[in-house]
Amino acid sequence: VRVGMRLGVKVGTLPLENPTILASGILGVSPETMVRVLRGGAAAVVTKSIGSEPRHGHPTPTFVSLEAGFLNAMGIPNPGADDFAPELRALKARKGEGKVIVSIFGGGAEEFGKLAGKLSPHADAVELNLSCPHLKGYGVEIGRVPSLVREVVAEVKRRARCPVWAKLSPNVSDIVEVSRAAAEGGADALVATNTIGAIAISVEARRPVLSHGAGGLSGAPLKPIAMKAVFDIASELEIPVVASGGISTGRDLLEFVMAGASAGQIGSAVVTRGEGVFKMVAAELAALLEAEGFANVEAARGAALRR
């Protein structure tokens with residue numbers, strides 16, 4: 001119990017039993033898998049990104065393992081909001097103490113707002129996918145324009161019945177500027193970051209490995225990039241930040257906390273370390289906090305920012 005007590009955090013107004021969250025796009029496909037992840041030690045799960053209409057996504061191959069990290073261009077396959085709402089309700093009924101964060105994507109403020117209105121009553125927070133690097137007209141195409149980010153967040157805030165998190169892209173010229181726009185729109189927290197645009201080539205096929213061509217790079221190579229994003233945002237703004245990118249150990253998570261993050265999302269490490277990764281990361285984090293003389297997670301937050 002003491003470990004749980006020491007690891008409790010708050011992301012804005014949302015309390016979490018520990019700072020580990022399942023990132024969107026990995027296992028967030030059905031109530032069964034998400035309940036399993038929550039029971040396996042994650043404090044919260046983020047669903048796959050849900051849009052207005054069902055999407056099949058890009059044809060395979062959509063996912064490839066690299067020397068370091070993973071490359072994916074799924075094309076946001078999802079059942080659409082109308083079909084997903086009952087799944088979300090079922091999940092809410094069975095989730096226990098864990099939190100459910102619904103990820104949504106749209107082509108503009110109005111679509112984001114409608115989705116938030118429909119899905120937020122069944123969630124503990126809404127995560128706005130403003131950062132998918134491989135879907136035309138969505139994701140980062142909105143997320144790199146500060147005025148659009150401000151507009152989308154403000155509309156979702158108006159219609160959502162729970163906290164609103166904006167998931168930002170590293171594929172922008174100034175992430176602090178985009179973060180400030182999200183904060184001005186009323187975001188309760190920022191998630192930094194999504195995958196970074198990348199490509200892999202097959203010598204034998206003489207073409208890109210993924211059907212879509214380019215995709216998003218995740219895992220270990222993303223960590224220092226995401227770390228700089230968290231550090232830069234936390235250095236400039238007061239808004240809570242959730243780290244995402246290359247977290248696979250308790251040490252990784254503590255580094256992000258010291259850079260200013262309140263919690264961390266884990267995605268690729270579910271593939272490399274298995275579903276037990278959340279419990280492992282929490283235990284490693286607890287041991288490291290103790291060894292470094294921190295009473296709790298909050299005591300370590302922003303330690304690297306202090307000059």
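## Confidence in the model

The protein chain has a mean pLDDT of 93, and 96% of its residues reach 70 or more. The stretch to treat with care is residues 1-5, where pLDDT stays under 50. For these residues the model has three contacts beyond four places in sequence. Where pLDDT is low, predicted coordinates should not be read in detail.

## Overall fold

Twelve helices and 16 strands make up the secondary structure of the protein chain. Its radius of gyration is 18 Å, close to the 19 Å that the globule rule gives for 307 residues, so the chain is as compact as a globular protein of that length. Along the principal axes, the C-alpha trace spans about 50 × 50 × 40 Å.

Of the 307 residues, 57% count as buried. Taking contacts between residues at least 6 apart in sequence, 71% join residues at least 24 apart.

## The largest pocket

Rolling a probe the size of a water molecule over the atoms shows where empty space is left. In this model, the largest pocket has a volume of about 850 Å³. It is lined by 43 residues, and those closest to its centre are Ser24, Gly25, Ile26, Asn72 and Thr195.

Which elements give two or more residues to the lining of the largest pocket? They are the strands β4 (44-50), β6 (70-72), β8 (125-129) and β16 (263-266), together with the helix α10 (268-273). The largest share, four residues, comes from α10. Sorted by class, the lining has 17 nonpolar, 21 polar and five charged residues.

## A closer look at Ile50

Strand β4, one of the elements that contribute to the pocket lining, also holds Ile50. Is Ile50 buried or exposed? With a relative accessible area of 0%, Ile50 is buried.

What surrounds this residue? Leaving aside neighbours within four places in sequence, Ile50 is in contact with Asn78, Pro79, Gly80, Ala81 and Phe84, and also with Ser103, Ile104, Phe105, Leu115 and Leu119. For a sense of distance across the model, Ile50 and Ile239 are 189 residues apart in sequence and 25 Å apart in space, C-alpha to C-alpha.

Note on methods
Residues are numbered from 1 along each chain as its sequence is written. This is a predicted model: local features need pLDDT of at least 70, side-chain atom pairs count only at pLDDT 80 or more; totals for chains, interfaces and linings use all residues. Side-chain values use heavy atoms; hydrogens and water are left out. On a 1 Å grid over the protein atoms alone, a cavity is a set of points where a 1.4 Å probe fits but cannot get out, and a pocket is an open set with protein on both sides within 12 Å along at least five of seven lines; lining residues have an atom within 4 Å of a point. Grid points are joined across faces, edges and corners, and a volume is the space filled by probe spheres set on the points. Ala, Val, Leu, Ile, Met, Phe, Trp, Tyr, Cys and Pro count as nonpolar, Asp, Glu, Lys and Arg as charged, and the others, Gly among them, as polar. pLDDT is the predictor's confidence in each residue, from 0 to 100. Contact means heavy atoms within 4.5 Å. The radius of gyration is taken over C-alpha atoms; the globule rule is 2.2 Å times the number of residues to the power 0.38. Buried means under 20% relative accessible area, exposed over 50%, partly exposed in between (1.4 Å probe, protein chains only).
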